[in-house]
Amino acid sequence: MRSTRRAGEGMSTISTGASMAGDTVSGGGRRSRTTDAKLSEIGFDESAPLLEVEDLQVEFRTRDGVASAVNGTTFSVAAGETLGILGESGCGKSVTAQAIMGILDSPPAFIAGGSVKLRGVDLLSLPEETRRRVRANRVAMVFQDALSSLNPVFTVGRQLGELFRRHRGYTKAEARAEAVRLLDLVGIPAAADRVSDFPHQFSAGMRQRVMIAMSLALDPDVLIADEPTTALDVTVQAQIMKLLADLQAERNMGLILITHDMGVVADVADKICVMYAGKIVERADVYSIYRNPAHPYTKALLESIPRLDRKGQQLASIEGLPPMLTRLPAGCSFNPRCAIARERCITDEPPLYDIGDGRQTACHYHEEVLGS
Ligand SMILES: Nc1ncnc2c1ncn2[C@@H]1O[C@H](COP(=O)(O)OP(=O)(O)O)[C@@H](O)[C@H]1O
Ligand code: SF4
Ligand SMILES: [Mg+2]
């Protein structure tokens, strides 16, 4: 078991964590990377895969026992690729994201094993100070709740500009110009005027755009968006998803989209990992998973997506709740809620079966699920 490490210092008001780190890229348009000396000392191999998470394990040590919130998670994200991570509340999606970012609160969270490699360097092995630099410059995050992530007492221009002043040594005027450019980039009308407004003066959708501008300010290679549209109405959700997809394509970023709503990522993700009770239970390209899921849980999530052609009908929901992580059922964790569970599901925990075409599923009876 890997020794336990302090994973982060908690969240700053600016959720990219960018306010805490060193300098980065030069300004203007899609910028070329001229990282500061300390970042280049880390030894990233730019020809290595962008992000590889392998056998990641995060535990919460609580009074009720040890909860394995992330239990052996493995996935990768390439430049220009979008990975959707799906699952109901409490399945370990945010903890996975926080472990990658290095912002887990420890205690109670402890990384118990695995690696998070960015361009060949295991971020989990880096000292915290170095981690901060990486967080600001290479891996950024957008959270669900923009209002609590932005600082209410400063204008958005000041908060955005601060990133450029602190990390690039821009003058006040230069930083303001960059802030306007970014607000414009994320589709905020009259950006030159809005730059002087405070967060509460923006609508929820526009605030989420400000958050996205913040996360992109220092030109990250990987963007993690954790339920970025959950607080928004359906029309605005679609606009924000489109914005993220466009920016990702334009900047060739790796994008990880975390959501409990399968409907949200269908149009933008390339591949999907479905999480249940801390584990990946199905992995596939987006087309296959929506057309023909291979796990009963994925199937149930799909059936809970509102559909226009089923207007007026009651929405299917998955009966029951995910299990307490300190008291997982024996065998398959999904067995208490699974319509096709049988004896073997209670005695044998299913491995992640390879089912061809790069697909995997943790269900003993996947052939039956695929055929149904
Ligand atoms: N601060 C905490 N203390 C104890 N357990 C926690 C804490 N935060 C998260 N967990 C555990 O980790 C699990 C996964 O949480 P999370 O990743 O936030 O779920 P989600 O998939 O909704 O993002 C929770 O179900 C809970 O058991
Ligand atoms: S292994 Fe059994 S309980 Fe688990 S998902 Fe498959 S059929 Fe259902
Ligand atoms: Mg979450």
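1. Start with the contacts in this predicted model. Among contacts in the protein chain between residues at least 6 apart in sequence, 67% join residues at least 24 apart. Two residues are in contact if their C-beta atoms, placed from the backbone, lie within 7 Å.

2. A word on the ground rules. Residues are numbered from 1 along each chain as its sequence is written, while chains are lettered from A and ligands numbered from 1 in the order in which they are written. Because the model is predicted, local features need pLDDT of at least 70 and side-chain atom pairs count only at pLDDT 80 or more, whereas totals for chains, interfaces and linings use all residues.

3. Next, the overall make-up. The protein chain has 14 helices and 12 strands. These are DSSP runs, numbered from the N terminus: helices are H or I with at least four residues, strands E with at least two. Of its 372 residues, 47% count as buried. Buried means that 20 or more other C-beta atoms lie within 10 Å of the residue's own, with C-beta atoms placed from the backbone; 12 or fewer is exposed, and in between is partly exposed.

4. Now the sheet. It is open, has eight strands and runs in the order β6-β7-β8-β3-β9-β10-β12-β11, with mixed pairing. Two strands pair if DSSP finds at least two bridges between them. The edge strands, β6 (139–142) and β11 (353–356), each pair on one side only. Neighbouring strands are turned by 20° against each other on average, direction ignored.

5. Look at one pair inside that sheet. β7 (residues 222–226) and β8 (residues 254–259) run parallel, joined by five bridges. Opposite Asp 226 stands Ile 258 in β8.

6. β1 and β2 make an antiparallel pair with 10 bridges. A hairpin of two residues joins β1 to β2. Gln 57 has Asn 71, in β2, as its bridge partner.

7. Nonpolar covers Ala, Val, Leu, Ile, Met, Phe, Trp, Tyr, Cys and Pro; charged covers Asp, Glu, Lys and Arg; the others, Gly among them, are polar.

8. Just after α2, Gly 102 takes a positive phi of about 80°.

9. Ligand 2 has 13 residues around it, and the closest are Cys 332, Cys 338, Ala 341, Cys 345 and Cys 363. This shell divides into 10 nonpolar, three polar and no charged residues.

10. Last, helix α6 (residues 172–185). Its buried residues include Ala 175, Glu 178, Ala 179 and Leu 182. An α-helix has 3.6 residues a turn, so residues three or four places apart point the same way. The buried residues of α6 pack against α5 (156–168), α7 (191–194) and α8 (204–216). Just after α6, Gly 187 takes a positive phi of about 85°.

Note on methods. Near = placed C-beta within 6 Å. Axes fitted to C-alpha atoms, helices over the stretch in contact; angles between N-to-C directions.
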